[in-house]
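Colleague: I'd like to learn how to read a model like this one, feature by feature. Could you take me through it?

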Amino acid sequence: MNQSHVKMSINRGPRLVALILGILTVALYLPVVGYPFVNYDDYEYVTQNPPVFNGITPANITWAFTAFHAGNWHPLTWISHQLDCTLFGPQPGPAHFVNVVFHALNSALVFLLCIRLTCKAGVSLVVAALFAFHPLHVESVAWISERKDVLSTLFGLLALFGYLQWRKDGQPRSYGLTLLFFLLALLSKPMMITLPVVFLVLDFWPLGRFQVHSGPASCTTVSTGFLGLDWKSLLFEKWPFFALSAVSGLLTLLAQQAGGALASLGRYPFMLRVENFLVAITVYVRRIFWPSDLCVLYPFTHIQIWTVLLSLLLISLACGLAWRQRSSRPWMAAGILWFIITLLPVSGIVQVGQQSMADRYMYFPSIGLLLVLVLGADELRSACKIPGLAGAFIAVVLVAACANASRVQMGFWKSGETLFKRDLAFYPNNLIAMVDLGVALDNQKRFDEARALYQRAEKLDPGNFFQVHANLAALDRTQGLHADALAEYLLAIREKPDEAPLHLAAGVEYTALDQPDAALQEFQKAERLDPGLMDAHLGAAESFLALGRDPEAVPELHEACILAPENYEVLAYSARVLASSENDHVRNGAMALKLAALANDLAHHTRPEIFDVMGMACAELGDYTNALACETMAFKMADFWHFAGTNLFYKHQQAYLNHTPWHESFVKTATP
């Protein structure tokens with residue numbers, strides 16, 4: 001066998017192993033493909049988010065880059081969700097499968113990266129297998145909303161490969177690719193802002209650019225002309241990366257502030273945040289070894305001082321050991337630095353949300369920690385003279401145990417009910433889990449159980465959790481209790497007066513109670529708080545019409561059509577007003593026909609009420625022949641759909657036979 005063939009076989013080996021690892025990872029996570037969306041961000045991200053579930057369009061891509069939706073700025077993640085909806089529709093199965101594929105790719109890349117870092121295939125495989133199968137990562141994979149985790153890690157790992165390649169060949173192309181992958185990682189999730197510091201960690205080990213360790217030479221090739229660079233040179237070469245991090249961090253803070261996600265120091269004092277981060281580090285490490293209490297939401301709880309001191313002691317001991325071993329075992333310091341540095345953006349020092357920690361936060365940071373643990377275990381095996389086969393057997397048992405634990409953990413993600421019941425098993429007074437479990441039961445029409453949970457949450461924290469009132473209101477509305485629903489919405493508004501959807505919902509309830517004046521006030525408040533809220537403009541238009549103020553409804557309908565240009569119901573209703581209003585200054589037959597024809601195209605020529613509106617528009621233009629033809633189609637479609645509201649169609653038809661346009665009052669007319 002010649003030398004080139006040997007080299008080719010060596011190169012193929014790791015890639016084949018990476019492929020097999022990826023396939024096994026997909027096999028492990030296949031059950032999640034059958035899981036639904038869960039009522040924890042998935043609705044807000046996908047199913048109730050028109051710029052996402054309507055798929056890829058120029059307008060929706062623009063929205064992805066300009067919107068601070070849900071307190072986030074991660075445009076590439078939004079675009080990936082849009083692509084899912086374009087290819088498969090807003091279905092959970094394909095979205096889950098895409099997450100699984102990304103996780104499988106990441107696991108393969110972790111294996112290949114660790115080989116580049118350590119030149120130890122066995123160690124690298126164990127690190128990658130633990131990364132692939134550890135139950136701590138189930139949340140990032142099984143939760144559709146955490147697409148940002150798996151996507152940002154994919155580009156983050158590619159950026160690390162790019163950086164190592166640049167250090168090897170010094171080519172501008174390699175530097176440019178590294179910068180591109182880093183930008184894509186930031187556009188997926190801003191948690192990657194500390195990746196340039198990880199580049200500095202790689203400069204220390206394995207690249208050896210600090211020349212501070214005298215251990216075994218790394219297999220990673222370094223351009224020797226760059227050895228021994230000082231801090232300023234190492235930082236300066238990375239200034240574009242730090243600049244991108246600064247921009248991403250600023251945009252993220254603006255998004256979180258706009259979304260109301262930033263917690264105040266009054267609620268979470270600075271020292272509590274520091275103490276929580278110290279404890280969280282040790283808890284994350286413990287969960288790597290013993291992941292028995294994983295759940296979706298860990299609320300802030302009282303932290304005992306001895307826990308903080310013990311955590312500080314353990315962290316100090318680990319860092320002290322890494323410092324002492326920095327020359328002989330530089331990987332120890334590098335792995336610990338990777339772990340802590342990449343956790344900093346989600347440390348809670350800048351607190352976002354109400355969680356004290358989260359499994360998903362460990363997805364990328366765990367790579368550094370796993371490197372330290374597996375390399376340390378490998379050295380211990382060698383020191384104890386344990387045969388390699390025995391070590392491999394132990395590794396297989398550990399990986400298999402992790403895979404089994406992941407299968408169990410996946411089961412909690414099969415529905416919102418199982419997810420939040422799991423959380424309440426560990427934190428019985430977790431208000432968010434309590435309310436979200438209520439939503440899950442509400443969605444199953446288990447109204448009494450949902451109400452009991454909402455009321456329990458209200459008693460635990462009266463006056464401080466507007467979502468309880470909003471959910472009770474939604475439950476009342478579902479059961480037709482509009483007065484009770486309105487009372488709950490008003491309580492929610494008292495606690496959260498700047499929440500546009502609450503004013504919108506209150507307006508809807510006032511409308512149901514035949515109070516258009518009060519409804520109009522709520523709709524207009526919602527418009528001021530969120531000018532892009534289409535339903536608020538439509539509600540305001542209906543209120544104006546109900547009050548007999550038809551001319552004031554027209555601008556509202558115009559705005560609603562601009563905000564929802566593909567909503568055939570909005571277009572048809574606007575056309576109906578323009579075609580048939582009793583007010584001579586409102587009617588515009590040509591515009592009504594244009595809107596109705598567009599609505600008809602969007603509805604694929606299947607809706608009887610839209611043909612009826614087209615007939616009104618034609619009659620307003622004096623074209624009674626086409627008006628009657630449209631009415632005939634309305635009857636035909638009504639018969640096909642078993643549509644019950646054909647009495648008006650007969651009246652319209654009779655008017656057109658008499659060459660009379662149809663004019664009507666909208667005082668009590670609802671949207672078709």
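Colleague: Are K189 and E146 buried or exposed?

Modeller: Buried means under 20% relative accessible area, exposed means over 50%, and partly exposed is what falls in between, using a 1.4 Å probe and protein chains only. Both K189 and E146 are buried. Keep in mind that this is a predicted model, where local features need pLDDT of at least 70 and side-chain atom pairs count only at pLDDT 80 or more, while totals for chains, interfaces and linings use all residues. Residues are numbered from 1 along each chain as its sequence is written, and side-chain values use heavy atoms, with hydrogens and water left out.

Colleague: What does K189 form with E146?

Modeller: Side chains of opposite charge can pair when their charged atoms come close. The cut-off for a salt bridge is a side-chain nitrogen of Lys or Arg within 4 Å of a carboxyl oxygen of Asp or Glu. K189 and E146 form one, with their closest N and O atoms 3.7 Å apart. K189 sits in the loop between α10 (172-188) and α11, and E146 in the loop between α8 (138-142) and α9 (147-169), so the pair ties together parts that are 43 residues apart in sequence. Helices here are DSSP runs (H or I, at least four residues), as are strands (E, at least two), numbered from the N terminus.

Colleague: How many salt bridges does a search of the whole structure find?

Modeller: The search finds 26. D293 pairs with R286, the closest N and O atoms being 2.9 Å apart. In that pair D293 counts as buried because its relative accessibility is 15%, while R286 is partly exposed at 33%. R607 and E609 also meet in a salt bridge, at 3.3 Å from N to O, and E609 is buried, with a relative accessible area of 13%. Salt bridges that share partners join E139, E146, K148, D149, K189 and R360 into one network.

Colleague: What does F133 touch?

Modeller: A contact means heavy atoms within 4.5 Å. Leaving out residues up to four places away in sequence, F133 touches L21, L24, T25, L28, V399, C402, A403 and S406.

Colleague: How many residues of α20 are buried?

Modeller: In α20, 12 of the 13 residues are buried, so the helix is largely enclosed by the rest of the structure. Those buried residues pack against α19 (416-426), α21 (447-460) and α22 (466-478). For length, the expected span of a helix is 1.5 Å times one less than its number of residues. Helix α20 (residues 431-443) should span 18 Å, and its end C-alpha atoms are 18 Å apart, which agrees. Helix α16 (residues 330-343) reaches 20 Å, close to the 20 Å expected, and 13 of its 14 residues are buried.

Colleague: Which residues make the nonpolar surface patch of about 620 Å²?

Modeller: Patches take residues with over 30% relative accessible area and no salt bridge, joining like charges within 9 Å and nonpolar side chains (Val, Leu, Ile, Met, Phe, Trp, Tyr) within 5 Å. This one is made by L253, L262, L265, F270, M271, I349 and V350. L262 lies in the loop between α13 (239-258) and α14 (270-289), and its 32% relative accessibility counts as partly exposed.

Colleague: Which backbone details should I check?

Modeller: Look at the peptide bond from W205 to P206, which is cis, with omega near 10 degrees. P206 is in the loop between α11 (195-204) and α12 (231-236). Then there is H642, with a positive phi of about 55 degrees although it is not a glycine. H642 is in the loop between α31 (624-641) and α32 (647-657), and is exposed, with a relative accessible area of 71%.

Conventions:
Accessible areas come from the Shrake-Rupley method with a 1.4 Å probe; for residues, only the protein chains shown count as cover.
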